[in-house]
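Hello,

Here is the structure I promised to pass on. My notes follow below it.

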Amino acid sequence: MRSIISKAIIALVCMFAFQVQCLADNDKPITISQLPAKAQTLINSNFKAKKVALAKMESGLIDKSYDVIFTNGEKVEFDRKGNWTEIDCKQSSVPANLIPAAINTYVKTNYSGNRIIKIEKDDGMVEVKLSNGIEITFNKKYQVVDID
């Protein structure tokens with residue numbers, strides 16, 4: 001009897017885990033007008049000349065995020081409020097007005113002639129990738145903490 005109950009509990013746990021996994025990765029194509037207002041403003045102000053290939057909402061178990069992918073392969077990711085979390089401009093450079101001034105100054109001073117082609121914010125840290133392939137990580141005060 002105990003063995004049957006144990007197997008039933010294990011089966012229920014497995015089914016629950018499978019359902020959670022299915023719900024945690026739910027991507028849905030959307031239009032630009034379905035993005036949070038803050039994200040729409042950023043796209044219209046900084047990427048108006050670029051053609052959108054896909055906009056999607058990613059629903060996780062607890063949170064959601066948004067991705068906008070342009071036809072040239074460049075991409076902007078947003079959190080649920082419409083704040084950018086990653087800007088990847090493989091073909092060009094990240095718009096200067098989206099880069100914190102201290103980071104812009106550091107890159108211009110120390111890596112003259114290089115462009116910032118990617119910037120990512122995560123847990124207070126900001127990582128930039130330069131056109132020469134170097135990646136620089138800054139802390140909350142925009143001080144360099146790592147260079148790869």
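The protein has 3 helices and 9 strands. Helices (H or I, at least four residues) and strands (E, at least two) are DSSP runs, numbered from the N terminus. Along the sequence the pattern reads α-β-α-β-β-β-β-α-β-β-β-β.

This is a predicted model: local features need pLDDT of at least 70, side-chain atom pairs count only at pLDDT 80 or more, and totals for chains, interfaces and linings use all residues. Residues are numbered from 1 along each chain as its sequence is written, and side-chain values use heavy atoms, with hydrogens and water left out.

The sheet: 9 strands form an open sheet in the order β1-β2-β3-β4-β5-β6-β7-β8-β9, with antiparallel pairing. Two strands pair if DSSP finds at least two bridges between them. β1 (26-30) and β9 (144-147) stand at the edges with a single partner strand each, so one side of each has no neighbour in the sheet. Neighbouring strands are turned by 20° against each other on average, direction ignored. (Axes are lines fitted to C-alpha atoms, for helices over the stretch in contact; angles run from 0 to 180 degrees between N-to-C directions.)

Glu127 stands opposite Thr137 in β8.

Burial: 30% of the 148 residues count as buried, meaning under 20% relative accessible area (1.4 Å probe, protein chains only).

Best regards

Technical notes:
Buried < 20%, exposed > 50% of the residue type's maximum accessible area, 1.4 Å probe, protein only.
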